[in-house]
Amino acid sequence: TLKGLGIRLEETINYGWFDWLGVFLLGVMKYIYRLIPNFGWAIIILTIMIRVVLYPLTYKSYQSMKKMQTLQPKMQELRTKYPNNQQKQQEEIMKLYREEQINPLMGCLPILLQLPIFIALFRMLEYALELRAAPFWWWITDLSQPDTIGLLPLWLPFIGGAAFTLLPLAMGATMFVQQKMSMTGLNPQQEKMMLMMPFILTLMLWNFPSGLMLYWSVSNLI
């Protein structure tokens with residue numbers, strides 16, 4: 001409707017840095033909705049499709065991270081051996097990478113390549129008008145709003161004093177399990193940092209739309 005006016009008014013509906021990708025993902029979700037007229041299931045199917053497409057990158061990333069974790073004891077030995085010589089530490093660590101045929105960037109590069117899709121989907125699910133008043137199942141009656149099941153008696157940091165929601169808890173719980181599964185070989189300080197992230201994100205995303213939380217929870221499960 002806005003595009004039909006011919007004055008670029010459609011650009012007021014913007015999905016951020018990767019707007020074109022957000023529009024494409026919205027189109028895919030609407031196509032799924034035509035086959036299965038429930039936007040909750042459309043989000044779940046879209047999430048599965050995205051995870052399947054990204055699987056090769058995700059697999060390479062996990063492979064690289066696991067290799068890096070197996071090297072942690074040797075890297076700690078080098079830090080202990082050269083405690084006051086950062087340059088020597090770096091030289092020996094790079095030598096260790098070459099001997100073990102590990103590229104440290106391969107753990108981060110696949111994740112960086114996935115970021116545009118994640119950001120576009122995040123923005124699309126947060127602002128898509130199609131999700132307004134769209135029910136999914138049981139207590140989730142509006143995918144554009146938090147899945148409120150009651151009111152909180154206290155004001156809490158980040159959360160505030162309004163809604164008690166379930167999907168952010170599901171997102172945090174699945175993320176916690178995910179972190180626990182990937183912590184082999186980490187030192188205690190790194191483990192604490194990783195286990196703090198699910199709690200911090202749960203609080204930060206407490207009042208976000210249930211459609212977005214549904215995507216994130218299903219993605220973590222996969």
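Is Met 204 buried, partly exposed or exposed, and what is its relative accessible area? I looked it up: Met 204 is partly exposed, at 46% relative accessible area. My cut-offs were under 20% for buried, over 50% for exposed and partly exposed in between, with a 1.4 Å probe and protein chains only.

Notes on the model: I am working with a predicted model, where local features need pLDDT of at least 70, side-chain atom pairs count only at pLDDT 80 or more, and totals for chains, interfaces and linings use all residues. Residues are numbered from 1 along each chain as its sequence is written, and side-chain values use heavy atoms, leaving out hydrogens and water.

Whole chain: I found seven helices and two strands, in the order α-α-α-α-β-β-α-α-α from the N terminus. Helices (H or I, at least four residues) and strands (E, at least two) are DSSP runs, numbered from the N terminus. Of the 222 residues, 38% count as buried.

Helix H6: I placed Met 204 in this helix, which covers residues 188-204.

Helix H7: Here, in residues 210-221, I found Ser 219. Ser 219 counts as buried because its relative accessible area is 6%. Leaving aside residues up to four places away in sequence, Ser 219 touches Thr 47 and Arg 51; contact means heavy atoms within 4.5 Å.

Helix H2: I found Gln 69 in this helix, residues 39-81. Gln 69 is buried too, with a relative accessible area of 10%. I then looked up Gln 69 and Ser 182: they are 113 residues apart in sequence and 9.3 Å apart in space, C-alpha to C-alpha.
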